[in-house]
Amino acid sequence: MPTLKILRNATAENDLEQRVESDVSVVTERPWNVIAWNDPVTPMTVVVAVFKRVFGYSNNKCTHLMLTVHHEGRAIVWSGQRERAESYCVKLQVAGLQSSVERDG
Amino acid sequence: MATKLFARRRDGRIEVRLNDVGRGVVREVFAHVLAGERDPEHEWHLSLNPPINPSDDDDDPLSTLARQSETASNAELAFMTLQEQYLTDSEAWAWLSTLQVALRSTAVANGILSDEKLESASPELLDGIHILQQFLFDLAGCF
């Protein structure tokens, strides 16, 4: 029954295509941003130290992010999957920085 | 040149150079953070539990529990090591986190949410804030 075999293969390929499409749709979801907010009392050196500890960024990147927070009132310090964004947000709050998560866009 | 209140040693530990008065201030601050985390009526309780995702009515309970647990663990570790002259990296980080939480809670509880509000704060309150900022400035320099 070669015809039936071909049909079965075609069905399997369709399944594979659907799975690939499903994966692609997850990847293209809008990321979640971790926002660090400015406040009038926190020393700048503390902000840099916390960013280095929590994210493992370089000193230059942490200083740049800290200055963005200082001058613009807020900065996106990390973007990605929601669960990780919340986890990073909690780590910043545990270290005493004002932070929140929001969906990109 | 003023001596730093905290200094990183070659062996990786952090030396605490606070005198008895300084340690007394730190003890009071750590105790307040612990109390604020546990007592919903404490004036710092709200500032210790800010929203994680302001667009949601309720935050993920696991995230809020993790925050509560980590904040309390840091404050307890800091409190237990109050009399130590040398702190490990983790202990020093617990001190820094707890001092910073206390600084922000002091500001929030007193409505200091802008530079203008900070400038118009009472001298006593400003003194307290400046002391915590000095502790934090020196300690953050060790990381």
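Trainee: Where is B:Gln133 found?

Mentor: A heads-up: this is a predicted model, where local features need pLDDT of at least 70, side-chain atom pairs count only at pLDDT 80 or more, and totals for chains, interfaces and linings use all residues. Residues are numbered from 1 along each chain as its sequence is written, chains are lettered from A and ligands numbered from 1 in the order in which they are written, and side-chain values use heavy atoms, leaving out hydrogens and water. Helices (H or I, at least four residues) and strands (E, at least two) are DSSP runs numbered from the N terminus. With that in hand, B:Gln133 is found in helix H5 (residues 123-140) of chain B.

Trainee: Does B:Gln133 count as buried or exposed?

Mentor: The cut-offs, with a 1.4 Å probe and protein chains only, are under 20% relative accessible area for buried, over 50% for exposed, and partly exposed in between. B:Gln133 has 18% relative accessibility, so the word for B:Gln133 is buried.

Trainee: And which residues is B:Gln133 in contact with, leaving aside its neighbours within four places in sequence?

Mentor: Contact means heavy atoms within 4.5 Å. On that basis, B:Gln133 in helix H5 is in contact with A:Val41, A:Pro43 and B:Leu103.

Trainee: B:Leu139 is another one I clicked on; what is its relative accessible area?

Mentor: B:Leu139 also lies in helix H5 of chain B. Beyond its neighbours within four places in sequence, B:Leu139 is in contact with B:Phe6, B:Ile14, B:Ala92, B:Trp95, B:Leu96 and B:Leu99. This leucine is buried, with a relative accessible area of 0%.

Trainee: How far apart in space are B:Leu139 and B:Glu15, C-alpha to C-alpha?

Mentor: In sequence, the two are 124 residues apart. Between the C-alpha atoms of B:Leu139 and B:Glu15, the separation in space is 9.7 Å.

Trainee: How are H3(B) and H5(B) placed relative to each other?

Mentor: Two packed helices are described by the angle between their axes and the distance between the axes. Axes are lines fitted to C-alpha atoms, for helices over the stretch in contact, and the angles run from 0 to 180 degrees between N-to-C directions; under 35 degrees counts as roughly parallel, over 145 as roughly antiparallel, 65 to 115 as roughly perpendicular, and the rest as oblique. H3(B) and H5(B) pack at about 155°, with their axes 10 Å apart. That is why the two helices are roughly antiparallel.

Trainee: How many nonpolar residues are in the contact of H3(B) with H5(B)?

Mentor: H3(B) brings residues including B:Trp95, B:Leu99 and B:Gln100, and H5(B) brings residues including B:Leu132, B:Gln133 and B:Leu139. Ala, Val, Leu, Ile, Met, Phe, Trp, Tyr, Cys and Pro count as nonpolar, Asp, Glu, Lys and Arg as charged, and the others, Gly among them, as polar. This contact has three polar residues, no charged ones, and a nonpolar count of 13.

Trainee: What is the distance between the axes of H2(A) and H5(B)?

Mentor: H2(A) and H5(B) are oblique to each other. Their contact is made by A:Thr45, A:Val46 and A:Ala49 of H2(A) and B:Leu136, B:Phe137 and B:Ala140 of H5(B). They pack at an angle of about 45°, and the axes are separated by 8 Å.

Trainee: H2(A) packs on H3(B) as well; how many charged residues does that contact have?

Mentor: Helix H2 (residues 44-55) of chain A and H3(B) pack at about 130°, with axes 12 Å apart. Among the contact residues are A:Val46 and A:Arg53 of H2(A), along with B:Asp89 and B:Trp93 of H3(B). They divide into five nonpolar and two polar, and the number of charged residues is two.

Trainee: Which residues touch the most other members of the largest nonpolar core?

Mentor: A nonpolar core is a set of buried Ala, Val, Leu, Ile, Met, Phe, Trp, Tyr and Cys residues joined through side-chain atoms within 4.5 Å. In soluble globular proteins, nonpolar side chains tend to be buried together. The largest core here has 67 residues, and those touching the most other members are A:Phe51, B:Phe6 and B:Trp95.

Trainee: Last one: what is the relative accessible area of B:Pro50?

Mentor: B:Pro50 sits in the loop between helix H1 (20-38) and helix H2 (61-80) of chain B. Leaving aside neighbours within four places in sequence, B:Pro50 is in contact with A:Gln93, B:Asp59 and B:Arg67. B:Pro50 is partly exposed, and the relative accessible area is 24%.
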